[in-house]
Amino acid sequence: MMNTTDRVALPAFTFDNTYARELEGLYIRWQPAAAPQPRMVLFNAALAAELGLQGLDTAEGATLLAGNRLPEGADPVAQAYSGHQFGGWSPRLGDGRALLLGEVIDTAGRRRDIAFKGSGRTPFSRGGDGKAALGPMLREYLIGEAMHALRIPTTRALAVVATGEPVLREGGPLPGAVLTRVAASHLRVGTFQYAAAQDDLPLLKRLLAYAIQRHDPALAAHDNPALALLQAVAERLARLIAHWMGVGFIHGVMNTDNMTLSGETIDYGPCAFMDRYDPATVFSSIDHHGRYAYANQPTIARWNLARLAESLLPLLHEDPQQAVDAATRVIDDFPLRFEAHWLAVMQAKLGLRADSPAGLAGEPQAAADAALAREFLATLQGQGVDFTLAFRQLADVAETSDATGLRQLFADSAALDAWLPRWQLRLAQSDSPQASAAAMRGVNPWIIPRNQRVEEALTVASQDGDLEPFKRLLALLQQPYVQPADVATLQAYTQPAPAAQSACFQTFCGT
Ligand code: AMP
Ligand code: MG
């Protein structure tokens with residue numbers, strides 16, 4: 001049943017509602033559930049400033065961001081989408097516990113979606129309660145901010161409001177919460193899959209036009225806009241996944257409903273950062289076959305892109321065979337696109353300038369650097385070496401040529417010792433030792449969200465209501481490249497969990 005909600009005129013939001021206006025057939029108008037006792041737990045003042053929002057960090061703001069009263073101009077809708085979940089087709093997923101309130105134009109002129117997560121049941125809820133627990137919403141806030149600070153495209157949380165209502169989960173009742181999510185859009189591969197499955201060509205065309213207008217307005221004049229959009233999305237996904245790989249991020253649930261057209265990371269459910277380097281790393285408790293393992297992410301992104309291409313087929317060409325051929329070329333090119341972005345990420349991490357004056361020209365240099373990067377990763381494997389610390393230590397080696405600290409991370413450093421001189425030779429073509437080290441420290445974080453620290457902060461925050469550990473961790477994660485002078489006292493944040501603890505660390509979906 002819908003709730004009646006008051007409307008309130010705050011100067012805070014100036015909503016537009018292009019999704020609701022232009023994409024009828026891809027949503028159901030719906031109202032958020034009321035929260036008995038809204039309390040602001042976290043408010044993202046920096047993001048609010050970016051959005052040009054004021055006056056929300058108040059008790060009234062909490063009632064607003066809990067969904068008890070709707071801001072003027074909001075036109076909340078539950079978005080419809082399909083999805084392949086772990087490869088299995090679900091024709092009707094949709095916002096089962098989320099609502100899009102509308103869009104705002106931020107201070108840089110970008111259109112951003114404002115959406116609730118945890119705001120109650122909708123017609124898409126199936127067996128779910130439509131609610132969210134505080135712990136997982138704090139986790140989404142924290143990891144989203146960490147990703148943003150790591151310069152990785154991401155949706156972000158504007159606020160987390162505790163509802164004062166318990167939500168029932170497997171282990172018992174947990175405090176409930178509503179998260180306000182900000183996104184370049186919530187268009188997903190699954191949105192196109194849903195539109196395509198309706199057998200309604202005008203609807204699919206409207207969605208295509210909307211997506212282009214929203215994310216790639218320059219492509220509107222292209223002679224094949226569907227193909228142009230597919231290529232643009234391929235490019236954004238290739239870039240996104242390359243950056244995930246560069247920080248050891250494992251999304252954990254790369255279903256097609258969790259893959260945006262904007263190239264932003266979305267849905268921080270069972271995600272985690274790899275500590276000891278192992279390409280087969282999986283954290284999600286439900287990912288039994290390693291479908292979404294660290295090293296499988298580019299392959300899965302390509303698989304998801306193929307699902308987008310399939311959905312676009314009727315718009316790619318009127319001749320079905322030519323449509324398939326065009327789609328296939330984009331899908332087949334994806335590994336090359338990914339490789340180019342991955343190489344750029346790895347060159348930066350290793351301090352190798354692609355435009356080195358004394359380097360090889362063009363392709364040979366790229367191939368040589370890619371080989372050097374792969375060989376470095378191979379030296380890490382099976383050594384219990386922490387991925388993040390290894391690159392940070394390597395920056396020290398670039399500066400001082402002393403590899404003692406780096407070697408200590410390895411069980412056996414023989415392979416590393418064979419690799420280092422080759423890297424140093426190549427590095428010498430790039431820049432001075434100091435400049436190389438500075439550049440490397442600018443792209444290799446000294447801190448990532450360590451799984452054990454994240455869990456501890458969330459437990460203390462949601463069970464004891466003590467947000468201090470969370471805020472301390474958040475503050476550190478917001479400066480991932482600027483190592484503080486007292487870093488030696490921060491080992492609890494910089495070191496991986498003991499191997500035994502790390503090996504059995506698991507993340508959970510259905511939060
Ligand atoms: P996710 O794994 O969070 O991307 O969600 C997958 C699908 O399950 C989406 O359609 C969600 O809206 C839905 N869903 C997840 N949790 C709940 C919940 N507690 N109540 C209703 N629907 C949910
Ligand atoms: Mg999702």
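**View 1. Asp267 and Asn258 at the magnesium ion (ligand 2) of the predicted model.** Asp267, with a relative accessible area of 16%, is buried, because a residue counts as buried under 20% relative accessible area. Asn258 likewise counts as buried, at 7% relative accessibility. These residues are the protein donors of the magnesium ion, Asn258 through OD1 and Asp267 through OD, and they lie 1.8 to 2.2 Å from the ion.

**View 2. Packing of helix α10 against helix α13.** Helix α10, which spans residues 363-380, packs on helix α13, residues 414-428, at an angle of about 150°, and the axes of the two helices are 10 Å apart. Angles over 145 degrees count as roughly antiparallel, and α10 and α13 are therefore roughly antiparallel to each other. The crossing of the pair is left-handed. From α10 the contact draws on Gln365, Asp369, Leu372, Glu375, Phe376 and Thr379, while α13 supplies Ala415, Leu416, Trp419, Arg422, Trp423 and Arg426. Sorted by class, the residues of this contact comprise 6 nonpolar, 2 polar and 4 charged ones.

**View 3. Packing of helix α6 against helix α7.** Helix α6 (residues 201-215) and helix α7 (residues 225-247) have axes 10 Å apart and pack at an angle of about 50°, and α6 and α7 are therefore oblique to each other. The crossing in which α6 passes α7 is left-handed. On the α6 side the residues are Leu208, Ala211, Ile212 and His215, which meet Pro225, Ala226, Leu229 and Arg236 of α7. The contact of α6 with α7 is made up, by class, of 6 nonpolar, 1 polar and 1 charged residues.

Terms used:
Residues are numbered from 1 along each chain as its sequence is written. Chains are lettered from A and ligands numbered from 1 in the order in which they are written. This is a predicted model: local features need pLDDT of at least 70, side-chain atom pairs count only at pLDDT 80 or more; totals for chains, interfaces and linings use all residues. Side-chain values use heavy atoms; hydrogens and water are left out. Axes are lines fitted to C-alpha atoms, for helices over the stretch in contact, and angles run from 0 to 180 degrees between N-to-C directions. Helices (H or I, at least four residues) and strands (E, at least two) are DSSP runs, numbered from the N terminus. Angles under 35 degrees count as roughly parallel, over 145 as roughly antiparallel, 65 to 115 as roughly perpendicular and the rest as oblique. A crossing is left-handed if the near helix is turned anticlockwise from the far one by less than a right angle, and right-handed if clockwise. Contact means heavy atoms within 4.5 Å. Ala, Val, Leu, Ile, Met, Phe, Trp, Tyr, Cys and Pro count as nonpolar, Asp, Glu, Lys and Arg as charged, and the others, Gly among them, as polar. Donors are N, O and S atoms within 2.8 Å of the metal (3.2 Å for Na, K and Ca); water is not among the atoms, so sites may look incomplete. Buried means under 20% relative accessible area, exposed over 50%, partly exposed in between (1.4 Å probe, protein chains only).
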